[in-house]
Amino acid sequence: MIGTGTGVSTGRGRTRRALRWAAVAGTALLLTICVALAASFVHHRIALDREDSLMDPPGTMVSVDGHRMHVYTEGGEGAAPDAPTLVFLAGGGTASPVLDFTPLFSRLSGDYRIAVVERLGYGYSDVADEPRDVDTVLSETRQALVEAGVHGPYVLLPHSMSGLTAIRWAQVRPEEVAGIVGLDAAVPQSYSDITIPNSLLLHAFSVVAKLGLTRLVPSFADGRPAIASGGLSAEDEEVYRAILYRRTETTPMIREIEAVKENAEKVGAAPPPQVPMLFFTSNGEGTGIDTDTWRGYQRAFLDTVHDSRQVILNSGHYVHDYETDTIAHAARNFLDGLDDPPALRQREGGAGPAGPAPRPPPLRPAPLRSGSAPRPATEPRRRPSAPGRERTAWAPPFSSSPPARRCRARTSRP
């Protein structure tokens with residue numbers, strides 16, 4: 001009995017020592033993590049201070065409902081007096097809308113006035129916790145344009161989630177919208193079967209970004225389509241990174257994601273607007289939706305619009321970054337034809353006034369003639385894609401993180 005008691009006592013002693021060592025190791029690990037996070041945060045703050053010199057807005061800062069919004073305008077010197085302004089609307093989570101659209105609008109600004117409205121939480125605009133229902137976002141966008149002296153009519157060029165805003169705009173203010181050029185724009189049905197990410201996860205990633213941990217992952221910035229496509233100058237890439245580290249998963253971005261299904265239902269419940277539309281549709285890569293389904297959503301929506309066309313691109317979700325010349329050329333033709341009678345445009349693949357017409361089988365568009373592609377206002381720097389820079393993270397059509405992979409252009413127009 002005595003020997004047994006001693007053995008039990010020895011065993012308990014070992015257990016207590018093991019628990020103490022575990023507690024010490026756990027405490028040391030926790031302290032190490034805290035020190036690492038503190039170091040990352042300090043490094044992040046120092047970098048933000050250093051990057052302040054890059055944060056001068058290139059456009060106009062206007063006041064909308066007590067918050068500052070950034071509106072960038074360019075071009076129009078060669079435009080007709082009654083020509084519509086091209087208004088670019090960024091997809092959800094795109095940190096720097098102005099720089100994301102730069103390669104495309106620089107090819108159009110010689111003949112058209114362009115405007116890029118950066119919503120709250122994006123680019124140089126303020127971060128404010130305001131409702132993100134589609135009507136509020138639309139009201140802020142319209143007010144920002146007016147405050148910046150940009151008046152309609154407008155041709156809207158929405159990417160991704162902003163497709164809902166553009167459709168809503170044409171529904172409630174058709175007199176302001178001369179047409180819509182969808183840049184892989186989402187339509188109401190796009191969100192019918194999508195699962196919205198958990199809000200806690202979105203807020204957790206926001207904290208990760210605020211601690212500066214995203215700076216430790218080079219592909220976080222390098223994989224962004226605006227950078228990976230090689231369409232920006234070295235200086236613009238530096239500015240893009242500076243904005244990205246400030247505008248990752250901001251509160252307005254999270255609120256947009258939380259509201260997107262309700263917004264889609266609201267837009268889908270109203271009749272489709274009957275304004276001319278040209279949609280460029282990707283292969284669905286980066287949307288979380290398979291190719292046929294993604295393209296089918298847009299095709300089904302366009303079948304309800306009397307004057308519409310769809311251009312199929314073998315490219316990921318950020319079509320304007322990877323198929324810039326193709327889009328600029330086709331968009332220019334569309335814009336030049338806006339004054340044509342609807343029947344003339346319908347010969348190229350639209351629907352008749354009595355309702356949707358059967359679409360012809362897809363055709364490969366004729367190659368660009370030498371000298372026919374719009375010339376960029378400033379020649380962007382082009383570079384081959386570096387190996388190992390592809391992003392494979394899943395990203396639904398309200399996110400800014402699609403796989404940044406260059407796809408060889410293969411277009412068709414139904």
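**Notebook: charges, patches and salt bridges**

I looked up Asp135 and found it partly exposed, with a relative accessible area of 25%. My scale: buried means under 20% relative accessible area, exposed means over 50%, and partly exposed lies in between (1.4 Å probe, protein chains only). I note that this is a predicted model, where local features need pLDDT of at least 70, side-chain atom pairs count only at pLDDT 80 or more, and totals for chains, interfaces and linings use all residues. Residues are numbered from 1 along each chain as its sequence is written, and side-chain values use heavy atoms, without hydrogens and water.

**Salt bridges**

I used this rule: a side-chain nitrogen of Lys or Arg lies within 4 Å of a carboxyl oxygen of Asp or Glu. The count comes to 16 salt bridges.

Asp135 forms a salt bridge with Lys266, and their closest N and O atoms are 2.5 Å apart. This pair links distant parts of the chain: Asp135 sits in helix H3 (residues 134-147) and Lys266 in helix H9 (residues 251-269), 131 residues apart. Helices here are DSSP runs (H or I, at least four residues) and strands are runs of E (at least two), numbered from the N terminus. Lys266 is partly exposed, at 38% relative accessible area.

Next I checked Glu176. It forms a salt bridge with Arg142, with 2.7 Å between the closest N and O atoms. Glu176 is in the loop between helix H4 (162-172) and strand E6 (177-185), while Arg142 is in helix H3, 34 residues apart. Glu176 counts as buried because its relative accessibility is 17%. Arg142 is partly exposed, at 21%.

Then came Glu140 and Arg132. Their side chains meet in a salt bridge (2.7 Å, N to O). Both Glu140 and Arg132 are buried.

I also found a network of salt bridges that links Glu51, Asp52, Arg215 and Arg246.

Patch residues have over 30% relative accessible area and no salt bridge; like charges are joined within 9 Å, and nonpolar side chains (Val, Leu, Ile, Met, Phe, Trp, Tyr) within 5 Å.

Arg12, Arg14, Arg16, Arg17 and Arg20 gather in a patch of positive charge on the surface. Lys and Arg count as positive. I placed Arg17 in helix H1 (residues 2-51). Arg17 is partly exposed, at 42%.

Leu29, Ile33 and Leu37 form a nonpolar surface patch, with about 250 Å² of accessible area together. Accessible areas come from the Shrake-Rupley method with a 1.4 Å probe. Ile33 is found in helix H1. Ile33 counts as partly exposed, at 41% relative accessibility.

Definitions and conventions: Charge placed at Lys NZ, Arg CZ, Asp CG, Glu CD.
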